[in-house]
Amino acid sequence: MRGDEDMSFFDILETRSADERAADIAKALPEQIARAKTAPGYGSALADVDPAAITSAADLAALPVLRKSELSRAQAENAPFGGFTVKPAHGFAHIFQSPGPIYEPGGSEHDWWRMGRFLHAAGIGAGDVVQNCFGYHLTPAGMIFESGARAVGAAVLPAGTGQTELQVTAARDVGATAYAGTPDFLKVILDKADAMGVKLGYTKAAVGGGALFPSLRQEYADRGITCLQSYATADLGNIAYESAAMEGMIVDERVIVEIVTPGTGTPVAPGEVGEVVVTTLNPDYPLIRFATGDLSAVLPGQSPCGRTNMRIKGWMGRADQTTKIKGMFVRPEQVAALVDKHDEIVKARVIATRDGEMDAMTVQIEATGGDEVGFGKSVIEVLKLKGKIEVVAPGALPKDGLVIEDQRSYD
């Protein structure tokens, strides 16, 4: 164990033996399958499944995978949650909308998204003031991290995104000691603080919603800020998280993670890269074998920090072309919608790059007419992001099937 590792744990679940964890899963998983069978969204998919026969991740491999595209179609037919919850929409504390649109429920019960486990591992707790720079409007990230901060006894400055000068002023005035938000935006705040001549008191950062590049983590470390990352989604909540050991990401205790061959439900060999498929034990929203579209791989052994659950290598790209840019997913179907929006557009390609330590997006558009200004407005409307617009002649883009190209290096 590293000398700087915090020896405390969020709860006893984190240090269970493999046998204890397997026994607990063998009890909880059949109960969750039984709940899922009562949710009409699963229909015939689980009709013939005996919950008592599903007691491990290996048993889950016999069940179908649920993909976000299926969830989206189900929600279009049965709004807002597609019949995949076990209580009606009015039974939840919140209803969120993510791009797609996809609707997600949210609860106010203790740490409903299980983010407290990550914040505790990041050293955040009572006595901290967390500047929460995740969005609070429509999408759930802000509430996910607020719920986690509440679980560890930290105060929250609900800052949201943008308004960097006000962010700096507020962080100074309230004595913010920790940052929560996307990896990039912390640098924006710090750079603005430097320009304003303000010294901020961050010593910890809990980030998500985008890749934490090594150079960026090191820049924060050089400023005295320990920056750790989590892997979470709006549908599932926390999936895995880093501890101070910073050796892979530890799977949360209330989900079951499988790594499968992309596009299938077949588990890959240990250590091989594949798609992350998650079964959550959340009783309100029993997602069974939910395909995230993300790539990762299992790490052997256990974390030096003493937490005993399975580890994954973290985010290793997308099983499809869906790409996260500036904390927002850009999906192939959105690019198609952009093309359909203008008769003069023949083809479009989104390219993700880095501009210093920030994500950047270029949208290349094959068009027979139109202009960059008009296309730029449509890009913001459809992709929900600003980007550089390059209009090229018909036939100029590569014929390689890519509509989203990620040119960022993750080394």
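Colleague: Where is Met246?

Modeller: Met246 is in the loop between strand S9 (237-241) and strand S10 (249-251), where strands (E, at least two residues) and helices (H or I, at least four) are DSSP runs numbered from the N terminus. Before we go on, please keep in mind that this is a predicted model, in which local features need pLDDT of at least 70 and side-chain atom pairs count only at pLDDT 80 or more, while totals for chains, interfaces and linings use all residues. Residues are numbered from 1 along each chain as its sequence is written, and side-chain values use heavy atoms, with hydrogens and water left out.

Colleague: What is phi of Met246 near?

Modeller: Phi of Met246 is near 55°, which is a positive value in a residue other than glycine. Arg289, in the loop between S12 and strand S13 (290-296), also has a phi near 55° and is likewise not a glycine.

Colleague: Is Arg289 buried or exposed?

Modeller: Arg289 is buried, with a relative accessible area of 0%, whereas Met246 is partly exposed at 34%. Here buried means under 20% relative accessible area, exposed means over 50%, and partly exposed is in between, with a 1.4 Å probe and protein chains only.

Colleague: Which peptide bond into Pro80 is cis?

Modeller: The cis bond there runs from Ala79 to Pro80, with omega near -5°, and Pro80 is in the loop between helix H3 (68-77) and strand S2 (94-98). The bond from Gly100 to Pro101 is cis too, with omega near -5°, and Pro101 lies in the loop between S2 and strand S3 (102-106).

Colleague: Changing topic, how many disulfides are there?

Modeller: The count is zero, a disulfide being a pair of cysteine sulfur atoms within 2.5 Å. For Cys227, the nearest cysteine sulfur is that of Cys133, 12 Å away.

Colleague: Now the strands: which way do the residues of S7 point?

Modeller: In strand S7 (residues 204-207), Lys204 and Ala206 point one way while Ala205 and Val207 point the other way, and all of them are buried. S7 pairs in the parallel sense with strand S6 (residues 178-181) over four bridges, and Ala178 stands opposite Lys204.

Colleague: What does S7 do with S8?

Modeller: S7 and strand S8 (residues 226-233) also pair in the parallel sense over four bridges, with Lys204 opposite Thr226. The chain crosses from S7 to S8 through helix H8 (residues 214-222), and this β-α-β crossover is right-handed, which means that, with the strands pointing away from the viewer, the path from the first strand over the helix to the second runs clockwise. S6, helix H7 (residues 183-196) and S7 make a right-handed β-α-β unit as well.

Colleague: What order do the strands have in the open sheet of four?

Modeller: The order is S1-S13-S12-S11, with mixed pairing. Strand S1 (66-67) and strand S11 (255-260) are the edge strands, each pairing on one side only. S11 and strand S12 (residues 274-280) pair in the antiparallel sense over six bridges, and the bridge partner of Glu258 in S12 is Val277.

Colleague: Last one, which residues are closest to the centre of the second largest pocket?

Modeller: Of the 40 residues that line that pocket, the closest to its centre are Arg21, Ile25, Ala57, Ile256 and Asn309. A pocket is an open set of points on a 1 Å grid over the protein atoms alone, with protein on both sides within 12 Å along at least five of seven lines, and lining residues have an atom within 4 Å of a point. The largest share of the lining, ten residues, comes from H1.

Key. Pairing = 2+ DSSP bridges. 1 Å grid on protein atoms, 1.4 Å probe; cavity = no way out; pocket = protein on both sides within 12 Å on 5 of 7 lines; lining within 4 Å.
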